[in-house]
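Please examine the sequence and the three-dimensional structure shown here, with attention to the ligand and its surroundings.

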Amino acid sequence: MLNDEEAQRVSKFLSLVLRHKPETLGITLNEQGWTDVDRLLTKLYHRGYQISRDQLKYIVETNNKKRFAFSLDESQIRANQGHSVEVDLGYVEKQPPALLYHGTAMRFIDSIKADGLRKMNRHHVHLSSDEQTAYMVGSRHGKPVVLTIKAGEMAMAGHVFYQSDNGVWLTDTVPTAYIIVRNL
Ligand code: HQG
């Protein structure tokens with residue numbers, strides 16, 4: 001089996017090719033983001049990521065954020081969210097809880113206060129249902145700040161929310177009126 005470090009290395013590369021740059025590995029994603037597992041394994045092999053189908057399954061199953069999913073027959077694989085390439089993941093609109101959380105870094109706060117939350121390079125703004133996850137997401141960018149988002153009010157005002165297979169809440173944009181900034 002792969003050790004944690006190797007699994008993480010492959011997982012990072014998979015995030016890159018399944019979300020952002022399939023062309024760097026010479027694969028293509030279909031409209032729903034799927035790519036063929038056999039072809040992916042062959043391409044990975046030639047790129048120095050010599051993993052078996054079982055090892056790929058292990059990575060998909062143990063990934064800490066459930067970033068990837070297999071099709072039912074396990075012939076195809078895709079990323080569950082986070083794409084920058086155009087894909088239609090078939091998200092279904094869902095009623096959010098009253099409050100959601102967004103983790104960001106202190107250095108972005110002034111800009112967020114001015115413009116609200118924008119999706120930047122992704123297809124959606126990503127929100128979490130718990131503060132701890134948001135805190136961890138924010139730490140990736142610097143000194144973390146957790147923003148509270150009045151998601152219930154947003155939904156009532158007509159903003160659409162989706163939830164990805166791995167539980168992340170997604171919406172287009174969060175205007176400043178729905179953002180509570182605390183503890184600064
Ligand atoms: C910030 C991870 C200035 C935003 C996590 C964030 C997540 C603004 C950064 C997923 C802004 C974008 C997404 C504005 C937003 N002015 N900065 N108006 N609006 N920002 O990485 O939410 O590891 O694209 O606060 O678990 O950090 O990829 O988004 O700090 O679910 O699987 O712009 O990524 O998952 O950063 O993270 P990102 P994110 P993975």
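The model is predicted: local features need pLDDT of at least 70, side-chain atom pairs count only at pLDDT 80 or more, and totals for chains, interfaces and linings use all residues. Residues are numbered from 1 along each chain as its sequence is written, and side-chain values use heavy atoms, with hydrogens and water left out.

The ligand sits in the largest pocket. A pocket here is an open set of points on a 1 Å grid over the protein atoms alone, where a 1.4 Å probe fits, with protein on both sides within 12 Å along at least five of seven lines; a molecule sits in it if more than half of its atoms lie within 2 Å of its grid points.

Around the ligand there are 18 residues, of which the closest are Arg19, His102, Thr104, Ser111 and His141; a residue counts if one of its heavy atoms lies within 4 Å. This shell comprises five nonpolar, six polar and seven charged residues, with Gly counted as polar and Asp, Glu, Lys and Arg as charged. Domain 1 (4-79) and domain 2 (100-180) each contribute at least three residues to the shell. Strand β4 (100-105) and helix α4 (109-115) each supply at least two, and α4 gives the most, with three residues.

Methods. 1 Å grid on protein atoms, 1.4 Å probe; cavity = no way out; pocket = protein on both sides within 12 Å on 5 of 7 lines; lining within 4 Å. Helix = DSSP H or I, 4+ residues; strand = E, 2+ residues; numbered from the N terminus. Domains from an automatic or database assignment.
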